[in-house]
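Subject: Structure handover

Hi,

Here is the structure you were expecting. My notes on it follow below.

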Amino acid sequence: MTIFFTIEVKSKYIGISDTLSRLYKAYCLGISLSYSYVHQPFFCRRSLPISMFDRIIRKISGFNDGKSSRFIKENDLFVANFLGMGDSECDSDFDARPKFTVDIARLLDDHYFQDLDHFKTKIEDSIPSINSIIINFLVTDEIYNDQVSGNLERLLGSTRLEDCHASVVGSSFKEFAATRYWKARSRQPISLSFDSNKIRLLIHIRRGDRAWIELKDKILLMHGNEFLVIDQNVNSLQNSDTQSLSIASIPVRFRKPVSIEVIAQVFEQLSLDHGRAMFSIIVISDGYKRAYQELSHAIRSNRIQVSQSDRKQIDVFFRQQQKEIVEFAKHINAELILGEDSKMKFMKSVHAVICADFIVNTTGGFTKLNRVFRNQDPPSLFLSTSDLTPQKLGVFLAEARRFRKPDEI
């Protein structure tokens, strides 16, 4: 029997790095089971930049009624197409073959498997005995459940996207992804301000879906459309549904964003070692537009109660934070790609991450794209400023001192 496998990433609202992480986990599993991979396009709506024009067209096309249209499909495939992953490259004969869906998380949650052979037997005992079949590995949010992820790691070892180059299976995925990406760039080049004769430094300042806003008597914490409120008078914590929590139990996703000051200090250290003129710099940030819209909606719908004075403070906070990003980029003579309301901004941000030599980031997985799609040596150097310690900074600076561009080696 010839067994092929495809991957269906199912989630309404995940970004590009999460989509690729799930794709990679299922890819590692299928290849380890000795099945033949056949790519199928994926939707990535969370990372899709939606302009005002797009919103109007989507509404006219019936998006809000759940209807399908050519416009909606092309937009939902925009991310996959840009990465070169929007085409399955299969003929109609292949698509006509029978398919059998396997929900990876459900299978790993319901059963204990001693090894991959045990897992493989379980799958193949469930499929019909025919000459050729396609197994569709379904990857849901539950892939990150502790038991599921633990079982998967036990069977496969590490399946972290940032480690995809460190194993035979990972190298296979990286070769597949990078080959497709650079073919797509040959068809659709992206122009960047990076100077190829200098060290290309990428600074990623994540803001868009998280904020920590200190008001007179409370602190507003937000992540996506979730909100927490710390009442500073009684030192208690409540979520937007008024459920009391311990202040010590603030979830990690609500942590305070890394300040511009921390990022500026890292840049000054790099400048002391290399000289500022050695760097060609791009700063990317989603900015605070989406966070402001989410919080304003929560206030209007009474999910959060704030005074008129608080609202003025909130407006000042967002304006100031946006201004800080602009002034920082100007101060270090960097190109700034700010906001997520443009497809061109998205494409330039992705390509800048992939082409960068040094990457300084805050939180989130967006910069992991470099590990997947970069196709040249030496590898890029990463520094996460989240939970930054003098030791971590020292290691990064030491590696940076040894870094040599290909034409310098």
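**Helix 1 and its end**

Helix 1 is mostly covered, with 14 of its 17 residues buried. Buried means under 20% relative accessible area, exposed over 50%, and partly exposed in between (1.4 Å probe, protein chains only). Helices (H or I, at least four residues) and strands (E, at least two) are DSSP runs, numbered from the N terminus. Helix 1 covers residues 16-32 and reaches 24 Å from its first C-alpha to its last, close to the 24 Å expected at 1.5 Å a residue. That expected span is 1.5 Å times one less than the number of residues.

Ser34 sits in the loop between helix 1 and strand 2 (36-37). At 60% relative accessibility, Ser34 counts as exposed.

**Basis of the model**

This is a predicted model: local features need pLDDT of at least 70, side-chain atom pairs count only at pLDDT 80 or more, and totals for chains, interfaces and linings use all residues. Residues are numbered from 1 along each chain as its sequence is written, and side-chain values use heavy atoms, with hydrogens and water left out.

pLDDT is the predictor's confidence in each residue, from 0 to 100. The protein chain averages 87, and 88% of the residues score at least 70. Treat residues 240-245 separately: pLDDT stays under 50 there, and the model has nine contacts for them beyond four places in sequence. Contact means heavy atoms within 4.5 Å.

**The chain overall**

The protein chain has 15 helices and 14 strands. Of its 409 residues, 49% count as buried. Among contacts with a separation of 6 or more, 74% come from residues 24 or more positions apart.

Helix 9 (residues 168-187) has 20 residues. From first C-alpha to last, helix 9 reaches 29 Å, close to the 28 Å expected. Its buried residues include Val169, Phe173, Lys174, Ala177, Ala178 and Arg180. What covers the buried residues of helix 9? The cover includes helix 1, strand 2, helix 4 (78-83), helix 13 (343-355) and helix 14.

Val372 lies in helix 14. Val372 is buried, with a relative accessible area of 0%. Leaving aside neighbours within four places in sequence, Val372 is in contact with Leu161, Cys164, Phe173, Lys174, Ala177 and Ala178.

**Helix 12**

Helix 12 (residues 308-331) has 24 residues and reaches 35 Å, close to the 34 Å expected. Its buried residues are Asp310, Ile314, Phe317, Phe318, Gln321, Ile325, Phe328 and Ala329. An α-helix has 3.6 residues a turn, so residues three or four places apart point the same way. Just after helix 12, Asn333 takes a positive phi of about 60°.

**Second largest pocket**

About 350 Å³ of space lies in this pocket. On a 1 Å grid over the protein atoms alone, a cavity is a set of points where a 1.4 Å probe fits but cannot get out, and a pocket is an open set with protein on both sides within 12 Å along at least five of seven lines; lining residues have an atom within 4 Å of a point. Grid points are joined across faces, edges and corners, and the volume is the space filled by probe spheres set on the points.

The lining includes Arg160, Glu162, Lys368, Arg371, Phe382 and Ser384. Also among the lining residues are Asn361, Thr362, Thr363, Gly364 and Gly365. By class, the lining has one nonpolar, seven polar and four charged residues. Ala, Val, Leu, Ile, Met, Phe, Trp, Tyr, Cys and Pro count as nonpolar, Asp, Glu, Lys and Arg as charged, and the others, Gly among them, as polar.

**Backbone points to check by eye**

Most residues other than glycine have a negative phi, and most peptide bonds are trans. A cis peptide bond joins Asp377 and Pro378, with omega about 0°. Pro378 is in the loop between helix 14 (369-373) and strand 14 (381-384). Asp387 has a positive phi of about 60° although it is not a glycine. Asp387 lies in the loop between strand 14 and helix 15 (390-402), and is exposed at 52% relative accessible area.

Best wishes
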